[in-house]
Amino acid sequence: MSFIIGIVVALGCMIGGYVAAGGHLGVIWQPYELIIICGMALGTFIVANPLSTIKDTGKAIGQAIMGKTPKNRDYLDLLGILYTLMKELRGNARNEVEGHIDNPKESAFFQKYPKVLADTDMTAFICDYCRLIMIGNARSHEIESLMDEEINTIMRDKLKPYQALQNTADGLPALGIVAAVLGIVHAMGSLDQPPEVLGELIGAALVGTFAGIFLSYGLVGPLATMVKVTRDKRARLYVIIKQSLLAFMNGAVPLIALEHGRKTISAYSRPSIDEVENETMGGGAAEPAKKAA
């Protein structure tokens, strides 16, 4: 919603100011200039990025526009599954927990938190490190180093759409100049035309420069920033997992280990201690499931 509001405000102020100054809208509507700029931008975007990044960019744009950042419920679900797993690891034999870790899709623990289970990458991250904890001979500082490396790798992959969009935004002003130069070339070929026709051709050419700059700083650049913010927030879930499991490895009881993870959540969206206790000790995730049924 914020993306749509921002674009409406930007376009409204730009067009409104132009019209108020006496400009004519028909002059700035140059679809062929837009075809040149957007076509070249799309082509260079495809050339510069592998297919996997192109597909992920579409997904990332959708997440950014729809505002799909972790909400209070997402944090509680994650803390809930971590508490359940740590409690089982602490109180039960290895063979009783192993089945939940090896096959999370069939696990009653994970099925209780469908949003966590739906994120296959995050589920794999949780299970991999719970498996290392079960083995029992891993040192916490070694696990921390491994987690940091994997989170850095995840972040590099998740931010590839941001980098691709930002590179496109950086190139759009130059592509606008290319469109403007082509327009000037076209105008120079019409020097035998009356001044009215020549002036219209030159004006159309200059629209290319305007369009390239506007698309860069008014659309694609802000969209890239939104993608980065959204992906950064989603990646924070891995830090919650890391801090909680490390605290558990260092001897903290499950509820205290969760507090290590909860404190890494931004204060603006961090669930309260009471909410976490209700979720973990009171089986809070079962209630929404019953209501949904």
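Is D148 buried, partly exposed or exposed? In this predicted model, D148 is partly exposed, because its relative accessible area is 29%, where buried means under 20% relative accessible area, exposed over 50%, and partly exposed in between (1.4 Å probe, protein chains only). The model is predicted, with local features requiring pLDDT of at least 70 and side-chain atom pairs counting only at pLDDT 80 or more, while totals for chains, interfaces and linings use all residues. Residues are numbered from 1 along each chain as its sequence is written, and side-chain values use heavy atoms, with hydrogens and water left out.

The mean pLDDT of the chain, pLDDT being the predictor's confidence in each residue from 0 to 100, is 87, and 96% of the residues reach 70 or more. Over residues 286–293 the pLDDT falls below 50, and this stretch has two contacts in the model beyond near neighbours in sequence; contact means heavy atoms within 4.5 Å. Where pLDDT is low, the predicted coordinates should not be read in detail.

Side chains of opposite charge can pair when their charged atoms come close. A salt bridge is defined as a side-chain nitrogen of Lys or Arg within 4 Å of a carboxyl oxygen of Asp or Glu, and by this rule the count comes to 11 salt bridges. One of them joins D56 to R231, with the closest N and O atoms 3.0 Å apart. This pair links distant parts of the chain, as D56 lies in helix α4 (residues 51–66) and R231 in helix α12 (residues 195–249), 175 residues apart. Helices are DSSP runs of H or I with at least four residues, strands are runs of E with at least two, and both are numbered from the N terminus. R231 is buried, because its relative accessible area is 4%.

D148 forms a salt bridge with K242, and the closest N and O atoms are 2.5 Å apart. Here too distant parts of the chain are linked: D148 belongs to helix α10 (residues 140–158) and K242 to helix α12, 94 residues apart. K242 has a relative accessible area of 11% and is therefore buried.

Within helix α13, E259 and R262 lie three residues apart, about one turn of the helix, and their side chains meet in a salt bridge (2.7 Å, N to O). E259 counts as partly exposed, because its relative accessibility is 22%, whereas R262, at 6%, counts as buried. Salt bridges that share partners also join R73, D77 and E279 into one network.

Two threonines were also examined. T84 is found in helix α5 (residues 72–91) and counts as buried because its relative accessibility is 16%. The side chain of T84 reaches the backbone oxygen of G80 at 3.0 Å. Leaving aside neighbours within four places in sequence, T84 is in contact with F109 and Y113. T84 and F110 are 26 residues apart in sequence and 9.2 Å apart in space, C-alpha to C-alpha.

T264 is found in the loop between α13 (254–262) and α14 (273–281). With a relative accessible area of 19%, T264 is buried. The T264 side chain reaches the backbone oxygen of G261 at 2.6 Å. Not counting residues up to four places away in sequence, T264 touches R236, V239, I240 and Q243.

Key. A polar contact is a pair of N or O atoms within 3.5 Å; within protein, one must be able to donate a hydrogen and the other to accept it, and residues adjacent in sequence count only if both atoms are side-chain atoms.
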